[in-house]
Amino acid sequence: LSEAGLLDEVSQIISDNPAASEAIYGAPVTEDPTVEVSFTTDGVTWEPVEMTLPPGAYFVPGIASDGDRLVIAYTAQDDPTTMASSETVTIATTSDLTTWTTQDITMAGPSIELPPQITRTVSPQGLVANEHGWALTLYQNSDPDVMALLPDDIRAQVEADSEDGFGVDYGTDGITIEYGFDEFGQAATTLDYSWDELGIAPEVVDYLSDNEFAPEIWAASWDGAPARSETDSFAGQLLATPEGFLQWTDQTLFSPDGLVWTASPLPDPDGRVSAAFAFDGGVIAVSTDPPGTSQ
């Protein structure tokens with residue numbers, strides 16, 4: 001379309017016709033996703049490898065290896081055509097890319113009943129592993145479906161008048177919706193609603209505030225039960241070494257098992273660790289100073 005000079009015209013037609021946009025971007029997935037795996041020893045020449053994923057592992061946000069094992073972290077999905085996922089995080093390990101051993105982390109649910117317009121997700125990130133076991137950070141997040149919270153007539157108005165898209169923001173006081181943007185990004189219409197106007201109770205608002213990307217660190221040995229670290233509020237970048245696990249926040253933290261952490265100073269007290277690599281006998285840490293200079 002671009003080479004024929006028709007891209008802008010067709011894009012405008014799709015934008016002006018919601019049914020056409022839905023037909024293109026809303027098409028359901030009719031087959032299970034497939035996975036292609038390749039192996040290399042030099043990063044240049046790759047050979048295809050057969051691999052069978054565990055049931056429900058359609059999306060794998062965490063992957064690591066200790067040299068002998070491949071380990072993945074995921075939230076199982078019963079239906080790959082939807083984004084719905086379990087609150088149980090599975091750690092699956094294989095040494096042959098076919099047979100998997102699993103360990104499950106079941107997250108504690110909310111202490112209050114959430115309205116259906118509030119979606120809660122659990123995301124495993126930063127999975128690392130060594131010969132003794134693994135560690136990872138789990139993020140819990142709860143978000144309101146703002147459009148679902150709006151009264152029917154207001155939602156219809158926003159959808160009809162926001163052909164160029166709309167912006168959404170929310171905080172402790174309520175939600176703000178902006179649309180009708182000009183060339184400078186200024187919104188022609190701004191709608192503000194308090195949580196009370198939308199029927200959201202104060203305890204739900206407090207829950208949203210307390211569970212915005214709330215981190216937890218979990219770890220286990222290869223044949224042990226996953227457990228939660230008491231120091232997961234740090235939730236810094238994780239690195240596996242032969243002796244244990246490292247993470248960096250406003251200090252350096254080391255743990256032999258991913259559960260009990262000991263603090264020490266940063267390698268560069270004036271910067272932050274932006275990357276780190278373990279090698280035989282030590283660790284290389286890249287420290288970035290506030291102006292953005294790497295050391």
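What follows is a walk through the fold, its strand pairings, its salt bridges and a few individual residues.

The model is a predicted one, so local features need pLDDT of at least 70 and side-chain atom pairs count only at pLDDT 80 or more, while totals for chains, interfaces and linings use all residues. Residues are numbered from 1 along each chain as its sequence is written, and side-chain values use heavy atoms, with hydrogens and water left out.

Starting with the overall picture, the protein comes to 5 helices and 19 strands, with helices (H or I, at least four residues) and strands (E, at least two) taken as DSSP runs and numbered from the N terminus. Of its 295 residues, 35% are buried; here buried stands for under 20% relative accessible area, exposed for over 50%, and partly exposed for what lies in between (1.4 Å probe, protein chains only). Accessible areas come from the Shrake-Rupley method with a 1.4 Å probe, and for residues only the protein chains shown count as cover. Taking contacts (heavy atoms within 4.5 Å) between residues at least 6 apart in sequence, 41% join residues at least 24 apart.

Next come the strands. In general, strands of a sheet pair through backbone hydrogen bonds, either parallel or antiparallel; two strands are taken as paired if DSSP finds at least two bridges between them. An open sheet is built from 3 strands in the order S9-S10-S11, with antiparallel pairing. Strand S9 (166-170) and strand S11 (187-194) sit at the edges with a single partner strand each, so one side of each is left without a neighbour in the sheet. From one strand to the next, the twist averages 15°. Strand S10 (residues 174-181) is joined to S11 by 7 bridges, and the two run antiparallel; Gly174 has Ser194, in S11, as its bridge partner. Helix H4 (residues 152-161) packs on this sheet and touches S9, S10 and S11, its direction making about 30° with that of S10. For such angles, axes are lines fitted to C-alpha atoms (for helices, over the stretch in contact), and the values run from 0 to 180 degrees between N-to-C directions.

Another antiparallel pairing, over 6 bridges, links strand S5 (residues 88-94) with strand S6 (residues 101-106). Thr93 has Thr101, in S6, as its bridge partner. The hairpin of S5 and S6 has 6 residues between the strands, and Leu97 there takes a positive phi near 65°. Ala92 is placed in strand S5 and, with 0% relative accessibility, counts as buried. Leaving aside residues up to four places away in sequence, Ala92 touches Pro54, Leu70, Val71, Ile72, Tyr74, Trp100, Thr101 and Thr102. Between Ala92 and Asp104, 12 residues apart in sequence, the C-alpha to C-alpha distance is 8.6 Å.

On to the charged pairs. With a salt bridge defined as a side-chain nitrogen of Lys or Arg within 4 Å of a carboxyl oxygen of Asp or Glu, the count comes to 3. One of them joins Arg69 and Asp66, with the closest N and O atoms 2.5 Å apart. Arg69 is partly exposed at 27% relative accessible area, whereas Asp66, at 19%, counts as buried.

Back in helix H4, Arg155 and Asp152 are 3 residues apart, which means a separation of about one helical turn. Their side chains meet in a salt bridge (2.6 Å, N to O). Arg155 counts as partly exposed at 21% relative accessibility, and Asp152 is exposed at 58%. A further salt bridge, between Glu216 and Arg228, has its closest N and O atoms 3.2 Å apart. Glu216 lies in strand S12 (residues 214-221) and Arg228 in strand S13 (residues 227-228), so the pair ties together parts that are 12 residues apart in sequence. Glu216 counts as buried at 9% relative accessibility, and Arg228 as partly exposed at 44%.

Finally, the surface. Leu1, Leu6 and Leu7 make a nonpolar patch of about 260 Å². Patches are made of residues with over 30% relative accessible area and no salt bridge, joining like charges within 9 Å and nonpolar side chains (Val, Leu, Ile, Met, Phe, Trp, Tyr) within 5 Å. Leu7 has its place in helix H1 (residues 7-16) and counts as partly exposed at 40% relative accessibility.
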